[in-house]
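Hello,

My notes follow below it.

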Amino acid sequence: MSLSRSAPIERRMPPPVARISQISKYEGQEVELRGWLYGKRSSGKLHFLQVRDGSGVIQAVVFKNEVPTEMFARADHILQESSIVVRGTVRADKRSPLGFELGVNHVEVVHEAKDYPITPKEHGVAYLMEKRHLWLRSARQNVILRVRHTVEKAIRDFFDEDGFTLVDAPIFTPAACEGTSTLFEVPYFDLGKAYLTQSGQLYMEAAAMALGKVYCFGPTFRAEKSKTRRHLTEFWMVEPEVAFMDLEEDMTLAERFICSIVQRVLDKHEREIREVLERDTSKLQTVKPPFPRMTYGEAIERLNKAGHPSKWGDDFGGDEETVLASQFDRPVIVHRYPADLKAFYFKRDPADPRVALGMDVLAPEGFGEIIGGGQREDDFDALLGRIEEHKLPVEAFEWYLDLRKYGSVPHAGFGLGVERTVSWLCGLHHVRETIPFARMMERITP
RNA sequence: UCCCCGAUAGCUCAGCUGGUAGAGCGGGUGACUGUUAAUCACCAUGUCCGUGGUUCGAGUCCACGUCGGGGAGCCA
């Protein structure tokens with residue numbers, strides 16, 4: 001099959017297979033690249049093949065007089081996204097954005113891609129979402145997925161290095177945290193109905209009493225009919241929970257946690273975020289502790305001063321979050337919300353029983369709430385009263401109440417949404433691009 | 001659930017007060033030894049979302065429907 005120029009008798013050893021991301025290690029050497037044709041330009045006696053292998057894109061230059069005539073002619077007819085194998089010499093070249101290109105002596109097509117639907121020109125998001133399985137191959141999506149990977153790795157490393165134990169929470173749950181309307185319902189044998197988890201928090205509280213510092217990291221399901229750029233029906237959330245931790249320490253943990261993620265992403269991807277995603281990374285360089293902290297009451301005052309009339313008791317929507325967040329160059333923490341706005345399990349502030357010891361972290365530049373959390377109610381009677389007030393089935397929470405019966409301690413935690421975080425770091429308009437295959441109200445394919 | 005917008009070539013879109021459709025990309029053929037969304041020339045391509053209606057005549061106007069997008073509400 002191969003039309004090698006070398007004599008057929010002395011078969012040459014095939015060159016080593018290289019990854020494009022590691023190409024600088026092979027300067028001056030002959031390598032084999034296995035990948036797909038990302039793009040192509042032709043100039044008569046030479047063809048420029050943009051080859052991608054999943055780790056990067058390199059330009060492979062095919063000169064007419066350096067390969068057999070037939071191979072040169074075929075190289076001009078390789079279609080976009082055909083899988084190919086190229087061999088050649090790695091050489092430094094200032095004209096290349098990568099710094100290196102490949103001087104080709106052999107090209108072969110593994111499989112021809114006819115009529116690849118995503119062309120180098122613009123496409124609508126709806127069309128691209130329809131072709132999501134192919135869209136993932138594009139440079140932008142490659143960067144976003146790599147950033148997501150780094151965010152998830154940074155999350156794991158942060159907690160692992162801080163003495164936390166990863167505890168997996170169940171996906172099937174017997175009842176809602178508060179009201180069943182927002183949960184996905186599934187049939188569950190003779191036990192009736194089960195629901196897909198909305199949060200692992202309650203289980204983490206139990207685990208924290210067992211292991212002290214724990215976190216869970218998994219998918220979360222919300223059945224709200226939300227059609228906004230900040231919502232998915234299936235998304236990933238990490239939820240740490242720590243025994244003997246109060247609200248102040250919770251906020252400090254959230255701050256350190258976010259800073260470590262941002263720093264890791266900048267260390268690994270600053271250049272591609274700036275160049276490929278065209279996101280201004282200076283807006284991420286300023287993300288250092290301490291984050292501004294304000295009470296809900298102070299936030300309301302700020303909103304009024306900013307010409308955005310609000311009164312005590314109002315919840316914040318996207319607009320309010322953006323107004324508050326835009327006043328700072330780093331995430332802002334809002335704490336002590338009216339208890340009525342928060343879930344039943346938050347502890348009331350002893351200094352002001354109208355407010356709950358909850359906090360939200362709002363990302364800058366209008367990217368919204370990335371963290372929600374707080375200190376939990378640790379008193380048996382108070383918690384039981386709260387469950388009854390919310391008209392929740394006490395039987396379903398008996399195990400949860402047990403935690404307040406046997407060695408209860410102050411404890412706190414939070415949940416961070418992976419997609420909103422990636423969306424912020426990458427500067428993306430919509431969270432749907434931050435997850436490989438988005439699940440939304442009106443989309444379940446591909 | 002509500003409000004706004006849209007649907008024309010494989011894709012992105014243009015198509016004015018109604019007169020039977022067009023540009024770029026992608027594809028094909030050819031030119032070009034340094035292109036970076038290469039360039040240049042030529043070629044092919046349409047249930048103008050659907051159903052009614054108005055009209056001599058509808059891609060264009062009207063009604064209804066379908067699908068999609070954006071936003072709000074909702075959302076620890």
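Ala363 is buried, because its relative accessible area is 1%, under the 20% cut-off. Bear in mind that this is a predicted model. Ala363 sits in strand E16, which covers residues 358-363. What does Ala363 touch, leaving aside its neighbours within four places in sequence? The contacts are Ala325, Gly368, Ile370 and Trp424. For a distance across the chain, take Ala113: 250 residues separate it from Ala363 in sequence, and the two C-alpha atoms are 42 Å apart.

Now the RNA. There are 43 residues around RNA strand B. Those that come nearest are Arg41, His123, Ser199, Ser226 and His231.

By residue class, the surface near RNA strand B has 18 charged, 15 polar and 10 nonpolar residues.

- Gln59: a side-chain N or O atom is 2.6 Å from a base oxygen of RNA strand B.
- Asn65: a side-chain N or O atom is 3.3 Å from a base oxygen of RNA strand B.
- His77: a polar side-chain atom is 3.2 Å from a phosphate oxygen of RNA strand B.

Which elements give two or more residues to the surface near RNA strand B? They are strands E1 (30-42), E2 (46-52) and E3 (57-63), plus helix H2 (125-130).

Best wishes

Terms used:
Residues are numbered from 1 along each chain as its sequence is written. Chains are lettered from A and ligands numbered from 1 in the order in which they are written. This is a predicted model: local features need pLDDT of at least 70, side-chain atom pairs count only at pLDDT 80 or more; totals for chains, interfaces and linings use all residues. Side-chain values use heavy atoms; hydrogens and water are left out. Helices (H or I, at least four residues) and strands (E, at least two) are DSSP runs, numbered from the N terminus. Buried means under 20% relative accessible area, exposed over 50%, partly exposed in between (1.4 Å probe, protein chains only). Contact means heavy atoms within 4.5 Å. A residue is near a molecule or strand if one of its heavy atoms lies within 4 Å of it. A polar contact is a pair of N or O atoms within 3.5 Å; within protein, one must be able to donate a hydrogen and the other to accept it, and residues adjacent in sequence count only if both atoms are side-chain atoms. Ala, Val, Leu, Ile, Met, Phe, Trp, Tyr, Cys and Pro count as nonpolar, Asp, Glu, Lys and Arg as charged, and the others, Gly among them, as polar.
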